[in-house]
Amino acid sequence: MIVPETQIRTAVQDDDAALAELDRTTWSRLHAVMPAPEPGAPFFDERHLPADYLVAVRGGAVVGYVRTVPPTPLAATAHVRQIQGLVVAESARGKGVARALLRAAMDRAREQGAVRITLRVLGHNAPARALYASEGFAVEGVLPGELLLDGAYVDDVLMGRSLRP
């Protein structure tokens, strides 16, 4: 069987339903700090715009996304982009989709003039932490027990890397 290639593109408003469904079906305490998305809730809103997202498409279906935005509205952080969400459908895991999204996010950040990229990841999310480390992200800080999720304290791990060659 030939596996379709992954294509990465900027999200469009028409992706709303597919991305909302992807969020609902992949929600897990392994990576989520927010409550599970409600059925029928829109994916995009005034703070989450299509232009902030890159989507992964395989075989004509949206199978993942990454959101990359400036970390603050301050001019002092204009040179930084922050990944605020990376999700891949269960059916597309292990096929390089997350890595392709991560690399595309870094390329886009460079195109926007960023020289640094950061993210936050839950301490118990070993698969994500390994992916980020393999792409040059280093742990830059740990907030021990920062989050209380389902009765357990979870570390908030801050990671980042330079985007300079």
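Two strands pair if DSSP finds at least two bridges between them. Helices (H or I, at least four residues) and strands (E, at least two) are DSSP runs, numbered from the N terminus. This is a predicted model, in which local features need pLDDT of at least 70 and side-chain atom pairs count only at pLDDT 80 or more, while totals for chains, interfaces and linings use all residues. Residues are numbered from 1 along each chain as its sequence is written, and side-chain values use heavy atoms, with hydrogens and water left out.

**View 1. Seven strands form an open, mixed sheet.** The strand order is S1-S2-S3-S4-S5-S7-S6. From one strand to the next, the twist averages 25°.

**View 2. The whole chain has three helices and seven strands.** Along the sequence the pattern reads β-α-β-β-β-α-β-α-β-β. The radius of gyration (taken over C-alpha atoms) is 16 Å, close to the 15 Å that the globule rule gives for 165 residues, so the chain is as compact as a globular protein of that length. That rule is 2.2 Å times the number of residues to the power 0.38. The C-alpha atoms fill a box of roughly 40 × 40 × 35 Å, taken along the principal axes.

**View 3. Strands S3 and S4 pair in the antiparallel sense.** S3 spans residues 61-69 and S4 spans residues 80-88. Five bridges join them. Threonine 68 stands opposite isoleucine 83 in S4.

**View 4. S6 and S7 form a hairpin.** Their antiparallel pairing runs over eight bridges. Leucine 149 has alanine 152 in S7 as its bridge partner. Two residues lie between the strands. In the turn, aspartate 150 has a positive phi of about 50°.

**View 5. Helix H2 packs on helix H3.** H2 covers residues 97-111 and H3 covers residues 126-134. They pack at an angle of about 50°, with their axes 11 Å apart. That makes H2 oblique to H3. Angles under 35 degrees count as roughly parallel, over 145 as roughly antiparallel, 65 to 115 as roughly perpendicular and the rest as oblique. Axes are lines fitted to C-alpha atoms, for helices over the stretch in contact, and angles run from 0 to 180 degrees between N-to-C directions. Ala98, Arg99 and Leu102 in H2 meet Leu131, Tyr132 and Ser134 in H3, where contact means heavy atoms within 4.5 Å. The residues of this contact divide into four nonpolar, one polar and one charged.

Definitions and conventions: Ala, Val, Leu, Ile, Met, Phe, Trp, Tyr, Cys and Pro count as nonpolar, Asp, Glu, Lys and Arg as charged, and the others, Gly among them, as polar.
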